[in-house]
Amino acid sequence: MNTWGSKLKVSIFGESHGNGIGVVLDGIPSGLHIDEEQIRREMQRRAPGRDKLSTPRKEADEVEILSGVFDGKTSGTPICGIIRNTNTRSRDYTPNLLRPGHADFTGFQKYGAFHDYRGGGHFSGRITAPLVFAGAIAKQALAQDGITVGSHIKAIHKVAEQSFLDCELTDAFLKEISEKAFPVICDEKGEEMQKEILSAAADKNSVGGIIECAVTGLTPGLGSPFFGSVESLISSMMFSIPAVKGIEFGRGFEMCGMTGIETNDPFETDGERIYTTTNNNGGINGGITNGMPVVFSLAVKPTPSIAREQKTVDTDKIENTVIEIKGRHDPCIVQRAAVVVECAAALAILEAKLI
């Protein structure tokens, strides 16, 4: 299925080398003012071909809104946005040679000979572009309630910077990071990370990393226990992003090496509100927001398309062979994925608010 959500339904469509890709977003209330310039800024943060750190494939990623917006405001009906593909090069792909790390084999097993293999087809990271469009609208809906979503690159390969959990998270702080071409807290660490990416590219290889995302302005009480937990909603949306292989909330796996007195978040009050003095649990207890920023991190694997010779199977001959992947690919997708994570998080949080 290509539809996510209960009250807020997100349906994506298209293939990497098809005529276009898009999304239908159903459940956005009527009367929301749509800032198309803000949508364009979000789309450009993800767009390919911007610098030497990303694929040279250039796409304008301009969204044509087909429905659901009238006179600059949402009408309450499904919003449909489409993005035309303009710079495809399908000759770089051989259908009978399975690319290691890709969904070529599983896609073939699922859909047979009808599977669109060009550029990864519907499995491609290109399909995250319409997800950004939908999430950009969700961000604007959340902003009306004072909710902000932001992210940073926490690590690239073996170079890491500090966590959001060790920072004072404000709207201005998150906005400042989002406006950077390479969204990090520490620009010096960011330069080290970029060197890691360029080094991998020069070696015909790729690297992965960690994206940390924060949601501020949330009131306590959002979400439900167990199956309706905020963690469940966010996680289900995050694993719709290609290359995401892991998620943790707050200190996450780090907690395994800590004690209860270290991981518990003590409560305090200023006479008006109750809050915690630390945020080790990432703003969620029992699946429900506690009023602190929701903070989570995602593990993003190295780009599977690398120019090195690799072992594979020829599905026409059913015999072992080798493949040397051609085409235009990112040596690291983390920097372009940061805005995708933010927009996916905005959709999950908006869904939680509407339930």
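I began with what covers the buried residues of helix α4, and found that the cover includes α1 (36-46), β8 (148-156) and β10 (209-216). The model I was reading is a predicted one.

Next I listed the buried residues themselves: in α4, residues 171-178, they are F173, L174, I177 and S178. I noted that they lie on the same side of α4, because they cover an arc of only 130 degrees around the axis.

Is I211 buried or exposed? I put I211 down as buried because its relative accessibility is 0%, and the cut-off for buried is under 20%.

I looked up the contacts of I211, leaving aside neighbours within four places in sequence. Among them are S151, H152 and K154, as well as F296, L298, V334 and V341. I also checked I211 against T276, 65 residues apart from it along the chain, and found their C-alpha atoms separated by 24 Å.

Last, I turned to two helices, α3 (residues 128-143) and α8 (residues 334-354). Their axes come within 7 Å and cross at roughly 50 degrees. I wrote the pair down as oblique because of that angle. The crossing of α3 past α8 is left-handed. On the α3 side I found L131, G135 and K139 among the residues making the contact, and on the α8 side V340, E342 and L347 among them. I sorted the residues of this contact into 15 nonpolar, two polar and three charged.

Note on methods: Residues are numbered from 1 along each chain as its sequence is written. This is a predicted model: local features need pLDDT of at least 70, side-chain atom pairs count only at pLDDT 80 or more; totals for chains, interfaces and linings use all residues. Side-chain values use heavy atoms; hydrogens and water are left out. Buried means under 20% relative accessible area, exposed over 50%, partly exposed in between (1.4 Å probe, protein chains only). Helices (H or I, at least four residues) and strands (E, at least two) are DSSP runs, numbered from the N terminus. The arc is that of the directions from the helix axis to the C-beta atoms. Contact means heavy atoms within 4.5 Å. Axes are lines fitted to C-alpha atoms, for helices over the stretch in contact, and angles run from 0 to 180 degrees between N-to-C directions. Angles under 35 degrees count as roughly parallel, over 145 as roughly antiparallel, 65 to 115 as roughly perpendicular and the rest as oblique. A crossing is left-handed if the near helix is turned anticlockwise from the far one by less than a right angle, and right-handed if clockwise. Ala, Val, Leu, Ile, Met, Phe, Trp, Tyr, Cys and Pro count as nonpolar, Asp, Glu, Lys and Arg as charged, and the others, Gly among them, as polar.
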